[in-house]
Amino acid sequence: MAQANGKLILFGEHAVVYGYPAIAVGLTRGARARATRSPSAPGSELVLGDERVHAGDGSELGRALEALLGALGVGGLRLEITLELPPGAGLGVSAAIAVAAARAALEHEGQPLASERLEAAALAWERVFHGNPSGVDTAAALYGGCLRFVRGQAASALTLARPLRLGVALAGPPASTKQMVEALASERRREPARVGALLESIGQLTEEAQPLLERGELPAVGRLLDRNHELLTLLALSSEALDLACALAREAGALGAKLTGSGGGGCVLALLPERGEDVLEAWREAGLTCFESHVAAPERLA
Ligand code: PMV
């Protein structure tokens, strides 16, 4: 059984698509995959809950499977996937499935789990769903820990002076990452100066956050999370439900809170104070599904 991490983007979602840095953490929970010989070999299939697809059957998932296995150069496999996080909520479940499936496939074939090969295959999978993925989800799924990511470059690991306690609430119905990324792209075409300046501000804020995280200055990190959320709101990427979940977290003592991932729906994250339970309690009282997430131990990066 192979596993891969889900993720939370702490800073820089969307701006990362345009070349600005992002900071993300890999989560201990994500997806698991088991590979066996496919009964329909040389064809391959993927089983995810009630859904079963075949590589290249024309469905989105079938095309993604074909892209993943094609990039790895393997076939004739049946991949059974188990999810450990809700899909479509900005928690990087799609990338986690891709990395877990790629690891399981290579293990089954007795081939080494070279990171670059896994990353390229997972990115081929992500392109089927997202069109223009930055690769931040894939890097977090593979490497865990806390990462600085710039599109087209190798991810680098951040060493945190203090561990982060992060709360996550499912605040809205899932939104499509592809649609949110495209909506921002068309907004940028309409208003290049305004949108460009906001993306630039997110980039600067991410640069400011990195040394604060490395020094463990968590109240200052929290203030930047709030500011990042404001900037995402100005880019029309938030929603009433996401704003409300952030406000509840702050009122209950969170050091900071923001939407995480593509926005429009999905999750918010909160940097929890010592009495983090208060934040989770406030969310639960408001009827939100929530949990404290744990950062996955980092793999060694080149
Ligand atoms: O997959 P999501 O919903 O967590 O969004 C990924 C982050 C974006 O910056 C919005 C897109 C990307 O490719 O980086």
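1. A backbone N or O atom of Gly90 lies 3.5 Å from an oxygen atom of the ligand. This is at the limit used here for a polar contact, a pair of N or O atoms within 3.5 Å. The protein covers 94% of the 380 Å² of accessible area that the ligand has on its own (Shrake-Rupley method, 1.4 Å probe).

2. The model is predicted: local features need pLDDT of at least 70, side-chain atom pairs count only at pLDDT 80 or more, and totals for chains, interfaces and linings use all residues. Residues are numbered from 1 along each chain as its sequence is written, and side-chain values use heavy atoms, with hydrogens and water left out.

3. His14 has a positive phi of about 70 degrees and is not a glycine. The residue is found in the loop between β1 (2-11) and β2. Its relative accessibility is 5%, so His14 counts as buried (under 20% relative accessible area; exposed is over 50%, partly exposed in between; 1.4 Å probe, protein chains only).

4. Ala236, also not a glycine, has a positive phi of about 65 degrees and lies in the loop between α7 and α8. Ala236 counts as exposed because its relative accessibility is 59%. Most residues other than glycine have a negative phi, and most peptide bonds are trans.

5. The peptide bond between Ala41 and Pro42 is cis, with omega about 15 degrees. Pro42 lies in the loop between β2 (22-37) and β3 (45-48). Helices (H or I, at least four residues) and strands (E, at least two) are DSSP runs, numbered from the N terminus.

6. An open antiparallel sheet has 4 strands in the order β9-β10-β8-β11; strands pair if DSSP finds at least two bridges between them. β9 (256-260) and β11 (289-293) are at the edges with a single partner strand each, so one side of each has no neighbour in the sheet. The twist averages 25 degrees from one strand to the next. Strand β8 (residues 166-170) pairs with β11 over 5 bridges, and Phe291 in β11 is the bridge partner of Val168.

7. Two helices lie across β9 and β10 (267-271): α7 (residues 218-234) runs at about 40 degrees to β9, and α8 (residues 240-251) at about 155 degrees to β9. Contact means heavy atoms within 4.5 Å. Axes are lines fitted to C-alpha atoms, for helices over the stretch in contact, with angles from 0 to 180 degrees between N-to-C directions.

How values were computed
A polar contact is a pair of N or O atoms within 3.5 Å; within protein, one must be able to donate a hydrogen and the other to accept it, and residues adjacent in sequence count only if both atoms are side-chain atoms.
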